[in-house]
Amino acid sequence: MGNHRTITGASPASALMLILLCVSWVFAAAQNYSAIFNFGDSITDTGNLCTNGKPSQITFTQPPYGETYFGSPTCRCSDGRVVVDFLSDQFGLPFLPPSKSSSADFKQGANMAITGATAMDAPFFRSLGLSDKIWNNGPISFQLQWFQQIATSVCGQSCKSYLANSLFVFGEFGGNDYNAMIFGGYTIEQARKYTPKIVNTISRGIDKLIALGATDIVVPGVLPIGCFPIYLTIYQSSNSSDYDDLGCLNSFNDISTYHNTLLKKRVDIIQSRHRKTARIMYADFYSGVYDMVRNPQNYSTYRTSPAYIILTAGFSSSVFETCCGSGGGKYNYQNSARCGMQGASACASPAAHLSWDGIHLTEAAYKHITDGWLKGPYCRPPILHS
């Protein structure tokens, strides 16, 4: 373990589990990629919004963001690493540089994801009277342009073999599209009418990547937004029928489920057209997160940081409570007292929490999600294969 030390005393069973994890990693490393290219929004942004500095008015550029792994904010919307960081670790690659960086080396991949990104372009939101709800213009079409510029600089006009040995993660997309509509006054039913158009835009993006030479593409669905503190706080209801048996808001999860159902069908259609030349993997963000809500005690975490190996007993039973913020109440969330704002603080053990800031997840949660994508059961087919 080198200079790592264990904070909590590990039992023989715990030590055996850690050994098995290491063996699993060595076995999985036999499958490799020369690069990873990621597209998406704040769930996987690793710094695109901050390439020209860290705007002080943006909360996630302020402490305690980044405290768990990096020790300071890195423009990631979490206490530490996000899914794409763990994927990079898995395949022995460096953390992906943001595509907007002017000095980065993109030979081993790049991250096009940018906080606030939508699937749809700005004219779509203007047509709905929602221009003021989109504060960052980085939709799918723009991210594909950024990728093409990078690919040309890295492999010129002969990119087929290079891209065929790269892993692509395309999304999640759609979450901010629904946010714009819902926070802009649209009902769930009104927003749902645009789901087919949003999914069509995502599927066209997948087709574009395949045409450019991508062969291994992970396509994540959207998350169960009805289980997130921001929605639970803003749209809390006195009607018990508005909630499911776990305490999540039914209508918000219904639109996520509808989106994911349409997206899975579209992924299957695309896969059937490219069965011999591409491997399209649907990553089930929804089920992975929802199972953590249902069974928080099952998610003990071994997490390696620069100096420690930390063992937690599982997520807190207060699974909806935000780790970082000063909102108080049932969910510890309030828009005017968010994580990164003056007076806000983080809980003592982020690894025991599912929600970091009420909108995004903790590093520990992202690690479990990544494992579910790599080996199953939350990716169809799993990223790792024999």
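This is a dialogue on how to read some features of a predicted model.

Reader: What kind of model is this, and how are its residues numbered?

Author: Residues are numbered from 1 along each chain as its sequence is written, and side-chain values use heavy atoms, with hydrogens and water left out. The model is predicted: local features need pLDDT of at least 70, side-chain atom pairs count only at pLDDT 80 or more, and totals for chains, interfaces and linings use all residues.

Reader: How many helices and strands does the chain have?

Author: Helices (H or I, at least four residues) and strands (E, at least two) are DSSP runs, numbered from the N terminus. The secondary structure here comes to 12 helices and 11 strands.

Reader: What share of the chain counts as buried?

Author: Buried means under 20% relative accessible area, exposed over 50%, and partly exposed in between, with a 1.4 Å probe and protein chains only. Of the 386 residues of the chain, 56% count as buried. Helix α2 is largely enclosed by the rest of the structure, because seven of its eight residues are buried. Among them are Val83, Phe86 and Leu87. In helix α11 (residues 285-294), eight of the 10 residues are buried, including Phe285, Tyr286 and Met292.

Reader: What covers the buried residues of α11?

Author: Contact means heavy atoms within 4.5 Å. The cover of α11 includes α2 (83-90), β5 (216-220), α10 (250-273), β6 (279-283) and α12 (363-375).

Reader: Which residues of the largest nonpolar core touch the most other members?

Author: In soluble globular proteins, nonpolar side chains tend to be buried together. A nonpolar core is a set of buried Ala, Val, Leu, Ile, Met, Phe, Trp, Tyr and Cys residues joined through side-chain atoms within 4.5 Å. The largest core here has 114 residues, and Phe37, Phe39, Phe170, Ile217, Trp373 and Ile383 touch the most other members. Helix α4 (residues 140-155) gives the largest share of this core, seven residues. As for tryptophan 373, the residues that it touches include Val83, Val218, Phe285 and Ile383.

Reader: In which sense do β2 and β4 pair?

Author: Two strands pair if DSSP finds at least two bridges between them. Strand β2 (residues 35-39) pairs with β4 in the parallel sense over five bridges, and phenylalanine 37 stands opposite phenylalanine 168 in β4. Strands β4 and β5 also run parallel, joined by three bridges; there the partner of phenylalanine 168 is isoleucine 217. Five of the five residues of β4 (residues 166-170) are buried, so this strand is largely enclosed by the rest of the structure. Ser166, Phe168 and Phe170 point one way from β4, and Leu167 and Val169 the other way.

Reader: How many disulfides are there?

Author: A disulfide is a covalent bond between the sulfur atoms of two cysteines. Here a pair counts if the sulfur atoms are within 2.5 Å, and the count comes to five. One of them joins cysteine 227 and cysteine 248, with sulfur atoms 2.1 Å apart. Cysteine 227 lies in the loop between β5 and α9 and cysteine 248 in the loop between α9 and α10, so the pair ties together parts that are 21 residues apart in sequence. The torsion about their S-S bond is about 105°, so this disulfide is right-handed. By contrast, the link of cysteine 323 and cysteine 347 is left-handed, with -95° about the S-S bond.

Note on methods
Lists of a residue's contacts leave out its neighbours within four places in sequence.
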